[in-house]
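Open the model in your viewer and keep the selection tool ready. The stops below go one at a time.

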Amino acid sequence: VTAFDPTAVDVRRDPYPSYHWLLRHDPVHRGAHQVWYVSRFADVRAVLGDERFARTGIRRFWTDLVGPGLLSQIVGDIILFQDEPDHGRLRGVVGPAFSPSALRRLEPTIEATVNDLLRPARALGAMDVVADLAYPLALRAVLELLGLPAGDANAVGRWSRAVGRTLDRGATAEDMRRGHAAIAEFADYVERALAERREDGADLLALMLAAHRSQLMSRNEIVSTVVTFIFTGHETVASQLGNGLLSLLDHPEQLELVRRQPHLVPQAVEECLRFDPAVQSNTRQLAADVELHGRRLRRDDVVVVLAGAANRDPGRYDRPDELDIRRDPVPSMSFGAGMRYCLGSYLARLQLRTALGAMVALPDLRLVCNPNELAYQPRTMFRGLTRLPVAFTPAG
Ligand code: HEM
């Protein structure tokens, strides 16, 4: 029995064989670096719903890793790293901006953005889905959510990528240096946007400024929230769009089905989320001793729940390794569960449905490289392609 290690090259490329081994033989597994890996659906749900599996220790891990300075301070304020009561307070402030009724205002922008981005590709009959559609769409959507100008997308995307690279176990000294430089510019930019801003808009920045005035949120927390939302909000959607489209390209009969029956697009999005999620795992640190599946886990142990494995649990899904967009919709673990269930799930679905719907409608859509040439970004928590070159019959 070897210790599971999500950073291993073959696991990064295709984690699913290892997940099956874990699901079958060792559902609560002590893996590399003494980390616990939880794979079965019911156990993952139980962990995510239990406050003893906390986040504060994880916050310390990352703030120590990035070292002293502004970056560490901003990382320390991120909502994803807070436990109660701070987590609930921050979620209460930003939550209203994520409700379906608040997000409906973004629908026309998302549709127009997909059309704009696809226009040059439609004429050409070829594109890289990752660079030409997924990233620019997801970044523009999150800027719109915040109320920041679309014209800032390039600079914001650059800072966000540099900061994001520091939050990975594999980050190098050069990644850290770039991350520290980027966060200074990023924070300046957010401060300037706040200074020019009034509180009466419907966007997230206006909402947070109002909360600041009522002393519900500090200025640093606003900066952290903007940085986090830009990073998590766009990397995830962009990666999911690439993963989902590749899953359909790998299963031409499913691609054909959704192309012929566009009302199946929302179901195809759900099945693609289940089949190959952009967020593969979530980490917790125990605030108390806990027993799980007959294993004794100790206070301070680090526990990683594997959404990608839970989504393939044969105890939860029939034929878990088959992509079947006609499956009765069964919720997956791709947006998490419990009190930290993804705030952006509605916004993500909106983009995925619009973009995937437009892509599958392109005539004779096909992959134009050898599948072995496709590569995943060097990350452990997120799973996303570096590029996805496709071709189709050009318009006109
Ligand atoms: C939380 C996945 C898109 C904002 C989460 C969690 C997951 C997740 C698994 C739970 C984390 C945990 O339990 O530790 C995804 C996926 C997305 C996506 C797969 C796209 C396909 C977005 C977008 C936004 C967003 C577009 C915002 C712009 C958040 C926030 C949280 C969160 C703020 C933290 C919630 C909390 O701590 O209470 N997401 N997400 N996500 N997500 Fe997403």
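Start with Thr-63, which sits in helix α4 (residues 56–66). Helices here are DSSP runs of H or I with at least four residues, strands are runs of E with at least two, and both are numbered from the N terminus. Thr-63 is buried, at a relative accessible area of 14%. Buried means under 20% relative accessible area, exposed means over 50%, and partly exposed lies in between, with a 1.4 Å probe and protein chains only.

A word on the model before moving on. It is predicted: local features need pLDDT of at least 70, side-chain atom pairs count only at pLDDT 80 or more, and totals for chains, interfaces and linings use all residues. Residues are numbered from 1 along each chain as its sequence is written, and side-chain values use heavy atoms, with hydrogens and water left out.

**The iron site**

Select the ligand and its iron atom. Which protein atom is the donor? The single donor from the protein is Cys-342 (SG), 2.3 Å away. Donors are N, O and S atoms within 2.8 Å of the metal (3.2 Å for Na, K and Ca); water is not among the atoms, so sites may look incomplete. Cys-342 is placed in the loop between α16 (307–310) and α17.

Tyr-341 is found in the loop between α16 and α17. Tyr-341 is partly exposed, with a relative accessible area of 31%. Select Gly-49 as well: Tyr-341 and Gly-49 are 292 residues apart in sequence, but their C-alpha atoms are 9.7 Å apart in space.

**The cavity**

Rolling a probe the size of a water molecule over the atoms shows where empty space is left. How many cavities of 30 Å³ or more are there? The count is one. A cavity is a set of points, on a 1 Å grid over the protein atoms alone, where a 1.4 Å probe fits but cannot get out; lining residues have an atom within 4 Å of a point. The largest cavity holds about 50 Å³ of space. That volume is the space filled by probe spheres set on the points, with grid points joined across faces, edges and corners.

Select the lining: Gln-240, Leu-241, Gly-244, Leu-245, Val-269, Cys-272, Leu-273, Leu-352 and Leu-356. Colour by helix next. α13 (219–250), α15 (265–275) and α17 (345–360) each give at least two lining residues. The largest share, four residues, is from α13. By type, the lining has seven nonpolar residues, two polar and no charged. Nonpolar covers Ala, Val, Leu, Ile, Met, Phe, Trp, Tyr, Cys and Pro; charged covers Asp, Glu, Lys and Arg; the others, Gly among them, are polar.

**Helix α9**

Go to α9, residues 129–146. At 1.5 Å a residue, its 18 residues should span 26 Å, and the end C-alpha atoms are 25 Å apart, which agrees. The expected span is 1.5 Å times one less than the number of residues. Of the 18 residues of α9, 13 are buried, so the helix is largely enclosed by the rest of the structure.

Zoom in on each end. Asp-128 caps the N-terminal end, with a side-chain oxygen 3.0 Å from the backbone nitrogen of Val-130. Just after α9, Gly-147 has a positive phi of about 90°.

**Backbone exceptions**

Most residues other than glycine have a negative phi, and most peptide bonds are trans. Select Glu-84 and Pro-85: a cis peptide bond joins them, with omega about 5°. Pro-85 is in the loop between α5 (70–76) and α6 (86–94).

Next, His-33, whose phi is positive, near 55°. His-33 lies in the loop between β1 (28–30) and β2 (36–38). Buried or exposed? His-33 is exposed, at 66% relative accessible area.

Then take Asp-364, also not a glycine, with a positive phi of about 55°. Asp-364 is in the loop between α17 and β9 (366–367). Asp-364 is partly exposed, at 49% relative accessible area.

**Last stop**

Finish on Val-303 in strand β8 (residues 302–306). Val-303 is buried, with a relative accessible area of 0%.

Methods
1 Å grid on protein atoms, 1.4 Å probe; cavity = no way out; pocket = protein on both sides within 12 Å on 5 of 7 lines; lining within 4 Å. Polar contact = N/O pair within 3.5 Å; in protein donor to acceptor, adjacent residues only side chain to side chain.
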